[in-house]
Amino acid sequence: MKIAFIASECYPLVKTGGLADVVGSLSQALATLGHEVAVIIPYYKKNIASRNIEISTFFETMCVHMGSGIEEWCSVKTAMLGRKVRVFFIESDKYFFREGLYCDSFNNDFQDNPYRFAFFSRAALQLLRDMDFRPDVIHAHDWQTAAVCAYMKTWDWGESGIDKAKSVLTIHNIGYQGIYSADCLDYCGFDWKFFTSDIFEDYGRVNFLKGGIHFADFVTTVSPKYAEETLGGSQSYGLAPYLRSKNERYLGILNGVDYSVWDPKTDENIPENFSARSFKGKAACKRELQKRFALDENENIPVIGVVSRFAHQKGLDILAKTVGRIVDSMVVQFAIMGSGEAELENFFRWIPGEKHGKIGSFIGYSDEMSHLVEAGSDFFIMPSRYEPCGLNQIYSLKYGTLPIVRNTGGLSDTVQQYCEADGSGTGFKFDYLSTDAIFDTVGWAVSTYFDRPKHIDKMRKAAMKCDFSWKNSAKEYEKIYKF
Ligand code: ADP
Ligand code: GLC
């Protein structure tokens, strides 16, 4: 099959979160199954230049027709992702040559985001047409490219085959729907007849994800549990009725991960490699982690890691309210890294000074450091309000770093609850998000560390054996492509 991925991020070219990991690794997994896969992303100022990847010009200029007769001009660059996947970049200085992908340095959404991503969605299809790609499937991701599914069905694509291709929309996070003033509809070029409450309209504004759900032939999300939660309405941010209307054309497929990037046996970002059989290297990683996060250097104190976007979704505001109490009453340390909401950045920048040697933080983004936190920690905490899939807990499992997670979405599907009777399980789960639940569950993990070390060993072995590679999930995507 010929498959085109259209997305706003792709690892290792540009990444702010798990979407990039999935686009980069699923596209390659599909190519390994024998499909021809092209990935189209924007050419951001901040990506790529720093990476050692050869990029060449593909089209010097390309004209993209938007609504109201507006013509936008851009160029197209190209590079290889691994050996099998070709990536195309839509280059538009007006829309993408700026710091930040979606927001400015104060974490405020760029005001022209609906214009930027409508243009990008339309340009990606124009590229497929101009290079005569003739896709069988066009796979869009999240609100930023949801308009792709609408353009496919509402524009005249001539003989290009674009309107005949199957459109698939994957929802990585329903908390971000792309809701903007309806003024942008004219620029987007969607007829106002589509501005109805079952398509684009959302309390007088335009909702890109909702429109995409309407037009997509198939909608997926990134874990079975999150599919259930969003259908039930509790986590759908108002979109449950529209997801329900897709019937069997809405499905949760668990994300896979790329173990060529995330495996302690081969990871080049960590000071020493290790595996379930030879666990010694993990101690070296822990030493380095304690040093880099200015924690007391003591191998007998358990370390709990965090690598996260600082966003409401992640529940770290609740952790912030109890982390001081935890280190005051238990023998445990925290290594916390991330960036995002200013209040949380400020808090986690400040708290290490108050809890010297017990809490360390790194505010910012670093691929290398994120691997060290996974490798050097004993536990990894994700108290998410909701979590469509979550990749960090899956990486943690591979590094023998036991997840402490809220029982929701993909966290629920990938972490198996510890059983004190026999030491089975791969992590510690709690149901309600509260300071007490976090305190108690961390206490449970820490007491297990000190009082039942054999159980910790057993859980680590079980965790490291888990296989969340794309082997199975890529085949599930294949099935829906043929649906
Ligand atoms: P989400 O996509 O909601 O942020 P996931 O768990 O699916 O959550 O994926 C997050 C990805 O982003 C992981 O690969 C994680 O390592 C990475 N990540 C998050 N914050 C940082 C950071 N500050 N520095 C480096 N990597 C980060
Ligand atoms: C989103 C979700 C996260 C998921 C990732 C990749 O950012 O928040 O749970 O793992 O997308 O699908």
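How many residues surround ligand 1, and which are the closest?

Analyst: This is a predicted model, in which local features need pLDDT of at least 70 and side-chain atom pairs count only at pLDDT 80 or more, while totals for chains, interfaces and linings use all residues. Residues are numbered from 1 along each chain as its sequence is written, chains are lettered from A and ligands numbered from 1 in the order in which they are written, and side-chain values use heavy atoms, with hydrogens and water left out.

Ligand 1 is surrounded by 20 residues, and the closest are Lys15, Gly18, Asp21, Arg309 and Lys314. A residue counts as near if one of its heavy atoms lies within 4 Å of the molecule.

Next come the polar contacts, pairs of N or O atoms within 3.5 Å. A polar backbone atom of Gly18 lies 2.6 Å from an oxygen atom of ligand 1. For Arg309, an N or O atom in the side chain is 2.7 Å from an oxygen atom of the ligand. Ser366 uses a backbone N or O atom, 3.1 Å from a nitrogen atom of ligand 1.

On its own, ligand 1 has 560 Å² of accessible area, and the protein covers 94% of it; such areas come from the Shrake-Rupley method with a 1.4 Å probe.

Helix 1, strand 13 (303-310), strand 14 (333-340) and helix 13 (392-398) are the elements that give two or more residues to the shell. Strand 13 supplies the largest share, 3 residues. Helices (H or I, at least four residues) and strands (E, at least two) are DSSP runs, numbered from the N terminus.

By class, the shell around ligand 1 holds 5 nonpolar, 10 polar and 5 charged residues. Gly counts as polar here, and Asp, Glu, Lys and Arg count as charged.

How values were computed:
Polar contact = N/O pair within 3.5 Å; in protein donor to acceptor, adjacent residues only side chain to side chain.
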